[in-house]
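This report describes the secondary-structure packing of one protein model. It treats helix pairs, then the sheet, then charged contacts.

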Amino acid sequence: ALQVLLSCFIAVAELLSRISACSDTRKQKMARRLLALAVSATALQAPHAKAPTAPLQATATAPAKTGPTWDDHVAIPEAPDTLVKGVDGNDSMRRKFEKMLREAQNKICSAVEELDGEGTFRQDVWERENGGGGISRVMAGGKVWEKAGCSLSVVYGSMPQEALASATERGVDRAKGMEPGERVPFFACGLSSVMHPRNPMAPTMHFNYRYFETDGGVWWFGGGTDITPAYLFEEDMAHFHGTYKDICDKHDPEYYAKFKKWADDYFLIKHRGETRGLGGIFFDDQNNKSPDEHYAFSKECVNAVTDAYLPIVAKRKDSPFTEQEKEWQLMRRGRYVEFNLVYDRGTVFGLKTGGRIESILMSLPETARWEYDHTPAEGSREAEILKCFKTPREWV
């Protein structure tokens, strides 16, 4: 039943992501489909009538597994030296990328714990029978951060071609040569993090860096780091964006302008007509240079998280704030939830490929708020930053 519920949720998310562009007739049809899905999900949770007492004549055979499922991970007491299968060799990009991300995870979590002063990361290590697994770390109830997560995953499996499309930039064919309906064997390794501070003056931050391969020999890199403040401090945005512009310029003079715009476009909440935050960099489907060049760029970006983000939090974590400012922060977190559950590629990819649910939904804040038809007062600080969400601007 839970798997069917998840399927309903995925279908609802996909319909919501398209509904704003539809005609009135199409919207009515989609509304009817959404209602049917809601009824299906409700029925699964409702008490069922007692079954007839007649003896069962036959038992249906469960369908064979075609890839990882949401409940097939097994907890293990400590992380192995590698979650990548041994056949890939120590010098493979798979091993190399995993090792780099594990080192970055250790560095970032240690720095966050040091700044928080009280909170510590809980670690869950898990693996799957067919290979791969993950190291999930979550801090809850910290002094500075209400919730912070930083999780590594290594995945082997096969996925429907539409799931592969949801994990990459639209229009890019990563299943070339596959027959229609044929599942695509793949490997994926990534490190993802979201940090939600308590103080409304301190921004939320997200990053994800990943490497994909298919068994057909296709490979690509993706990733990015972005920032989501509730209140605007232009010097903070100049510091954050400037850190990543310096890295981009070092690797390719065209990177920052391209990847900054990509972030502004990707993190758009289409049904709201506003961005989730104030951007950063975002890139996907990168394989136009050598693997080592893309690897070097990803490595420098993920290791810059502490320099780009933590000084801002250190500066704002003890700032005074009002109850109204806290409520605005929670409303912006509501926007964060909307984007992640409706549009985020990583969330959709994880649900469609049987990912570990706690790790997939780690990005969601513990608290959020929705107010009916809320409009900030003209000239307020809330209205000031809302203009930036509706019309992205340059910071460096």
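Axes are lines fitted to C-alpha atoms, for helices over the stretch in contact, and angles run from 0 to 180 degrees between N-to-C directions. Helices (H or I, at least four residues) and strands (E, at least two) are DSSP runs, numbered from the N terminus. The model is predicted, so local features need pLDDT of at least 70 and side-chain atom pairs count only at pLDDT 80 or more, while totals for chains, interfaces and linings use all residues. Residues are numbered from 1 along each chain as its sequence is written, and side-chain values use heavy atoms, with hydrogens and water left out.

**Helix pairs**

| Pair | Axis distance | Angle |
|---|---|---|
| α9 (residues 323–342) and α12 (residues 381–390) | within 11 Å | roughly 20 degrees |
| α3 (residues 93–116) and α8 (residues 305–316) | 11 Å | about 10 degrees |

In the contact (heavy atoms within 4.5 Å), Gln-324, Glu-325, Trp-328 and Arg-332 of α9 meet Arg-381, Glu-382, Ile-385, Leu-386 and Phe-389 of α12. These residues comprise 4 nonpolar, 1 polar and 4 charged. Here Ala, Val, Leu, Ile, Met, Phe, Trp, Tyr, Cys and Pro count as nonpolar, Asp, Glu, Lys and Arg as charged, and the others, Gly among them, as polar.

Helices α3 and α8 are likewise roughly parallel to each other. From α3, Lys-107, Ile-108, Ala-111, Val-112 and Leu-115 meet Val-305, Thr-306, Leu-310, Val-313 and Ala-314 of α8. This contact has 8 nonpolar, 1 polar and 1 charged residues.

**The sheet**

An open, antiparallel sheet of 8 strands has the order β1-β2-β3-β4-β5-β6-β7-β10, where pairing requires at least two DSSP bridges between two strands. Strands β1 (73–76) and β10 (280–286) are at the edges with a single partner strand each, so one side of each has no neighbour in the sheet. From one strand to the next, the twist averages 15 degrees. Strands β6 (residues 204–214) and β7 (residues 219–228) run antiparallel and are joined by 10 bridges; Thr-204 stands opposite Thr-228 in β7. Helix α5 (residues 234–251) lies across β6, β7 and β10, at about 160 degrees to β7.

**Charged contacts**

The whole structure holds 26 salt bridges, each a side-chain nitrogen of Lys or Arg within 4 Å of a carboxyl oxygen of Asp or Glu. One of them joins Arg-210 and Asp-284 at 3.8 Å, N to O. Because Arg-210 lies in strand β6 and Asp-284 in strand β10, this pair ties together parts 74 residues apart in sequence.

How values were computed:
Parallel < 35°, antiparallel > 145°, perpendicular 65-115°, else oblique.
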